[in-house]
Amino acid sequence: MAEVDDRIELDWDALEVGETFDKFEYLLTQEMIDTYRKGVMDSEASFPTIAHKVDVRQYNAKYTDAGSVNARCAFHCYNPPVAGKRLTVTAWIADKYLRRGKNYIVTEAVSVDEDGRLIDRVITHELKQPSEVGKKWGG
Amino acid sequence: MGRVIRNYEEGDEITPLVKELTQDAINLFEGSAGNTGPSQFTDEHAAKEVLGTEGTVASGRMSLTFAIETLRRYFGPDVFNHTGVVDLRFLRPIRPGDTITFTGKVTGMTKEANGSRIVVAIEVNNQRGDTTGVGQGSAIVPNAYLPSED
């Protein structure tokens, strides 16, 4: 049986700054860390959480839209996460803005591990008209 | 790594970091959280549909990761992994086959309660000389890692 997509179609005008999403929990495994380190070609890379895109995961679980392009991203390092620990992510809509006729959404998220250690904070500005990339930069 | 005491000066250039992007590297990055479905990063058809590009692109988060590596190598992991910040704007897509170089220069230092915040301007360029990203990063270097003011 096909899964029903019950996500809400994004209404950018109606989206409220400050909307906080349900917390997201996951187990960080050594395999995740190793795969991430191979991908970034850095055996000491300490924040695999960057690749997990957990800051926008709950947004994407709630809303459907035309996709997005990452326009800007800020990352704050507090403590490298440890394999085998469960991480809890709290994410919210931190801002939205219109620039040159294009819509942007800013999400912010904080990750904490099961021992209460603060791991990182990520702030992501997403352009909500991803086809602009192809228009501007072509094939 | 032991504690390294060093001085920081405005205008100091940091050691550049060079990365060669491959589709395999992008796939590993995207798959590291268990996401194996097609996306604009891993699948040409999805890239065409979502972005309107002829091929895949690398996530901006890969550039962010490399900028973090650049500054971690500069400040040392014991400092950067606990106080580091990188804020990067993505100006052009990076594609498989691109070679990107991260450079940086110290632009400011401010006293904080627990040390000095050293600010670094970051620029990312591809093999054609195009700037693909700009931003800044910083870390708070504890006083114990700085030369004595006496």
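Which residue in β5(A) is the bridge partner of F24(A)? Here it's V89(A), and the views below show where that bridge sits.

This is a predicted model, in which local features need pLDDT of at least 70 and side-chain atom pairs count only at pLDDT 80 or more, while totals for chains, interfaces and linings use all residues. Residues are numbered from 1 along each chain as its sequence is written, and chains are lettered from A and ligands numbered from 1 in the order in which they are written.

View 1. Strands here are DSSP runs of E, at least two residues long, and helices are runs of H or I, at least four, both numbered from the N terminus; two strands pair if DSSP finds at least two bridges between them.

**View 2. β2(A) pairs with β5 (residues 86-99) of chain A.** The two are antiparallel and share 4 bridges.

**View 3. Helix α1 (residues 30-40) of chain A packs on helix α1 (residues 23-31) of chain B.** Their axes are 7 Å apart, at an angle of about 150° (axes are lines fitted to C-alpha atoms, for helices over the stretch in contact, and angles run from 0 to 180 degrees between N-to-C directions). That makes α1(A) and α1(B) roughly antiparallel, the word for angles over 145 degrees. Residues that meet include T35(A) and Y36(A) in α1(A), and L28(B) and F29(B) in α1(B); contact means C-beta atoms, placed from the backbone, within 7 Å.

Terms used: Parallel < 35°, antiparallel > 145°, perpendicular 65-115°, else oblique. Contact = placed C-beta atoms within 7 Å.
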